[in-house]
Amino acid sequence: MENFAAIDFETANGRRSSVCAVGVVIVRGGEVVDKFYSLIQPAPNFYTCWTTNVHGLTRRDTDGQPLFPEVWKRIEEKIEGLPLVAHNRPFDEGCLKAVFEEYSMEYPGYKFYCTLAASRRALRLPCHQLHVVAAACGYDLASHHHALADAEACAAIALKIL
């Protein structure tokens, strides 16, 4: 796969619609050609201790940030015609569908591929967490659970095994 958009969401709480950060890496011809990152004011707008412990974001970081529809307008042009790739597709695709529903936006039926599932088929590893798979593919994921860093790692994995 040489043309795709790797995507990663972070959420504020247990609701998939509560996306609070997104990272997107655009790959064309097997090369990274664009990157996008944004904080997002989540819906619903509250954080759990568990999610903050995972990614470090709090309401202080996202209050005053744009809502999802505004952020997505900036992303949709970049990913037009591209399949989406995520590490643990059910989570990220679920977030995207949930936040589209939250804002009564028509979901365009993006085609998703999963580097987690692909890594389980292609690589013999003790576990298939993003940072482990990225390292096995020669990518050093230094800022795990930062949406752009995770999307970059996902793109590197996809270029190696998809």
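Student: Where do I start? How many helices and strands does the protein have?

Tutor: Bear in mind that the model is predicted. The protein has 7 helices and 5 strands.

Student: What pattern do they follow along the sequence?

Tutor: The order is β-β-β-α-α-α-β-α-β-α-α-α.

Student: What share of the residues counts as buried?

Tutor: Of the 162 residues, 48% do. Buried here means under 20% relative accessible area.

Student: How do contacts relate to sequence separation?

Tutor: Take contacts between residues at least 6 apart in sequence. In the protein, 63% of them join residues at least 24 apart.

Student: Now the rings. What describes a pair of aromatic rings?

Tutor: The distance of the centres and the angle of the planes. Rings pair if their centres lie within 6.5 Å, and planes over 60 degrees apart count as edge-to-face. The protein has 6 aromatic pairs by this rule.

Student: Why is the pair of Trp 72 and Tyr 110 edge-to-face?

Tutor: Their centres are 5.9 Å apart and their planes lie at 70°, so the pair gets that label.

Student: Where do Trp 72 and Tyr 110 sit in the chain?

Tutor: Trp 72 is in helix α3 (residues 68-79). Tyr 110 is in the loop between α4 (89-102) and β5 (112-114). The pair links distant parts of the chain, 38 residues apart.

Student: Are Trp 72 and Tyr 110 buried or exposed?

Tutor: Both are buried.

Student: How do the rings of Phe 100 and Tyr 107 meet?

Tutor: The centres are 5.3 Å apart and the planes are at 85°, so this pair is edge-to-face. Now check the accessibility of each residue. Phe 100 counts as buried, at 3% relative accessibility. Tyr 107 has a relative accessible area of 22%, so Tyr 107 is partly exposed.

Student: Which residues do ring pairs link into a cluster?

Tutor: Phe 68, Trp 72, Phe 100, Tyr 107 and Tyr 110.

Note on methods. Residues are numbered from 1 along each chain as its sequence is written. This is a predicted model: local features need pLDDT of at least 70, side-chain atom pairs count only at pLDDT 80 or more; totals for chains, interfaces and linings use all residues. Side-chain values use heavy atoms; hydrogens and water are left out. Helices (H or I, at least four residues) and strands (E, at least two) are DSSP runs, numbered from the N terminus. Buried means under 20% relative accessible area, exposed over 50%, partly exposed in between (1.4 Å probe, protein chains only). Contact means heavy atoms within 4.5 Å. Rings of Phe, Tyr and Trp (its six-membered ring) pair if their centres lie within 6.5 Å; planes under 30 degrees apart count as stacked, over 60 as edge-to-face and the rest as tilted.
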